[in-house]
There are 2 protein chains.
Amino acid sequence: MVVFAGQGDARRSMALLWRGAQSQEVRTTPGPKPGLSVDAIVDAAIAVADEEGMAALSMRAVGERLGRTAMALYTYVPGKGELVDLMYDRVLVELPTDYADAADWREGVTAWAHDCWAFYLRHPWVLQVSQARPVLGPNEYVVLEAVVRILYGTGLPAATLRRVVGTLFHFVRGIASTAAEARQAAAATGMSDDDWWFTRSPLLQEVAPDFAERFPVLTRMEREGAFRNEDESVPYLEQEARETFAAGLGVILDGIEAARRRAGLTETAG
Amino acid sequence: MVVFAGQGDARRSMALLWRGAQSQEVRTTPGPKPGLSVDAIVDAAIAVADEEGMAALSMRAVGERLGRTAMALYTYVPGKGELVDLMYDRVLVELPTDYADAADWREGVTAWAHDCWAFYLRHPWVLQVSQARPVLGPNEYVVLEAVVRILYGTGLPAATLRRVVGTLFHFVRGIASTAAEARQAAAATGMSDDDWWFTRSPLLQEVAPDFAERFPVLTRMEREGAFRNEDESVPYLEQEARETFAAGLGVILDGIEAARRRAGLTETAG
DNA sequence: CTGATATCCTTAGGGGGTAAAGAGATAGCT
DNA sequence: AGCTATCTCTTTACCCCCTAAGGATATCAG
């Protein structure tokens, strides 16, 4: 369920995203005082998404959490799409932005990636917000600025940097999605990864008795222990994601290093 | 909108996924002859998703395309989740699986990645199928087998291979998502990326006049031309995705190379 | 012809998002 | 004080979704 952005009045959306102190101005208009606020609604919506998942995020649910009907929210927010945009930008404040302590870009990127990973697992619904067109909210820029600042340490040209950022971003998002969805599946079905596999595996044999002949390379890989996880205290799929994350990040960092070497930037760092 | 898998009767799901010639057996049961078939339904559903997007995929829409009501489908398919699983596994047959012609693993991986990229852009809805727990359908295994066969050429140990496959997979999926969602946004809003940016950009200045001070590194990057695209005939966001794809793939391949070097595998290839 | 069974339909129930209209509260103005 | 414009919030309603239940119809074995 990728949730797409609101596409109504662009000016109103931007004003909401970058709403600042001007919303605190003294009211002199007639009519009852607002019982809610954009902030309150966004916070409630984030709480719903955190606790019950993106699928459970409905205008009714958010309203209920605030003791209102669904329609009351429309006084403050143009629609659900815009609300999701606001949730997205709002929750991004949680991401750390200062990596000045890192010894070099490699350490900085690693720290940033791990912070992102933890963030996504804390708010898995964020992974379901469409990345088609950027939301252009303030915190999105704060996050970008932070990453770019780290990567300027590589000395790579700006155009290359932009792509490296994209690559890192997609990688982290992709693997975090897998881990998050695995958790979600476990919660939704009430079945652990191992339980799930133990019910599925015999069915697979039943339905594909010729598996080994049809997929020799995979079978060989399995015999070589590729699909065994050491730590049995962590759910299988989550651990797999975690290890892929660590290994993949290493691969990407090495790749960046190679790009630097090709550009003749091997000596300076940090 | 990530679409989650069906989680009903696991045996029935697996039987449907691996359904083979046994479904062609002669019928001797009473009752009217089936007017539909699982294949017909899956094909119709894929057509709907291809043409109108995952959001437009409803049981009604599929039924209508087949001249039936939504409920008629439930005779053949347990529910929407399972139908999506079937669609997913079915459409994967389009992916090429033979990369024996490739000169070495690097060329093979590159070819595979590009094939995947094209595939995802042909069927963007595939990117919205949850990857939480694998569907375990036959074609998913065929695809996996193909990738692993290519990567065995690196000589890396099986456990490392598994993670490399995961990294590549997430990378391709991630960037393809961006490109696909950008297309979708353009189609949905009837507004090109450039139009979109030209309406958004002045709003951003209006709402954040102090942008340059708040985000100095991004501003510097922009002045260095990081966000300019050369080819103006291609939509901006799609081109950005394409270039990030090319650059990121290079980074990952270099990273794999580095892993091989560390394992002392520099000479042999292919 | 009878009974069993399979296909497909209609109906209905419980979710969604949100447009429209109205009730009630509150400000400034006369 | 009363009036009126305006704002908040609710009710109702419409259209969409998935799918459970039950009924009509077609087709087989006996």
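The UniProt annotation "domain: HTH tetR-type", from an unreviewed entry, spans residues 35-95 of chain A. The model discussed here is predicted.

User: What are the helix and strand percentages over residues 35-95 of chain A, and how far apart are the end C-alpha atoms?
Analyst: Strand accounts for 0% of residues 35-95 of chain A. Helix accounts for 56%. The end C-alpha atoms of this stretch are separated by 30 Å.

User: Which helix gives the most to the surface near DNA strand C?
Analyst: There are 25 residues around DNA strand C, and A:Pro30, A:Ser58, B:Gly31, B:Gly35 and B:Ala72 come nearest. The top contributor, with three residues, is helix 3 (residues 59-65) of chain A.

User: Which helix of chain A gives the most to the side that touches chain B?
Analyst: The contact joins 69 residues of chain A to 69 residues of chain B. Helices 1, 6, 7, 8, 10 and 11 of chain A each supply at least two residues of that side. By class, the side holds 39 nonpolar, 18 polar and twelve charged residues. With 21 residues, the one that gives the most is helix 7.

User: How are the two copies related?
Analyst: Chain A superposes on chain B by a rotation of 180° with 0.0 Å of shift along its axis, at RMSD 0.0 Å. The copies are thus related as by a two-fold rotation axis.

User: Why do the copies meet through the same surface?
Analyst: Take the interface residues of chain A and look for them in the interface of chain B. The copies meet through the same surface because the share also found there is 100%.

User: Which helices do the buried residues of helix 5 of chain B pack against?
Analyst: Helix 5 (residues 105-122) of chain B has 18 residues and reaches 25 Å, close to the 26 Å expected. Its buried residues include B:Trp105, B:Trp112, B:Trp117 and B:Tyr120. The buried residues of helix 5 pack against helix 6, helix 7 and helix 11 of chain B.

Note on methods. Residues numbered from 1 in each chain as written. Chains lettered and ligands numbered in written order. Predicted model: local features only at pLDDT ≥ 70, side-chain atom pairs only at ≥ 80, totals over all residues. Near = placed C-beta within 6 Å. Helix = DSSP H or I, 4+ residues; strand = E, 2+ residues; numbered from the N terminus. UniProt positions renumbered as here; feature names shortened; annotations may be inferred. Contact = placed C-beta atoms within 7 Å. Nonpolar A, V, L, I, M, F, W, Y, C, P; charged D, E, K, R; others polar. Least-squares fit on C-alpha atoms with pLDDT ≥ 70 in both. Expected span 1.5 Å × (residues − 1). Buried ≥ 20, exposed ≤ 12 C-beta atoms within 10 Å, placed from the backbone.
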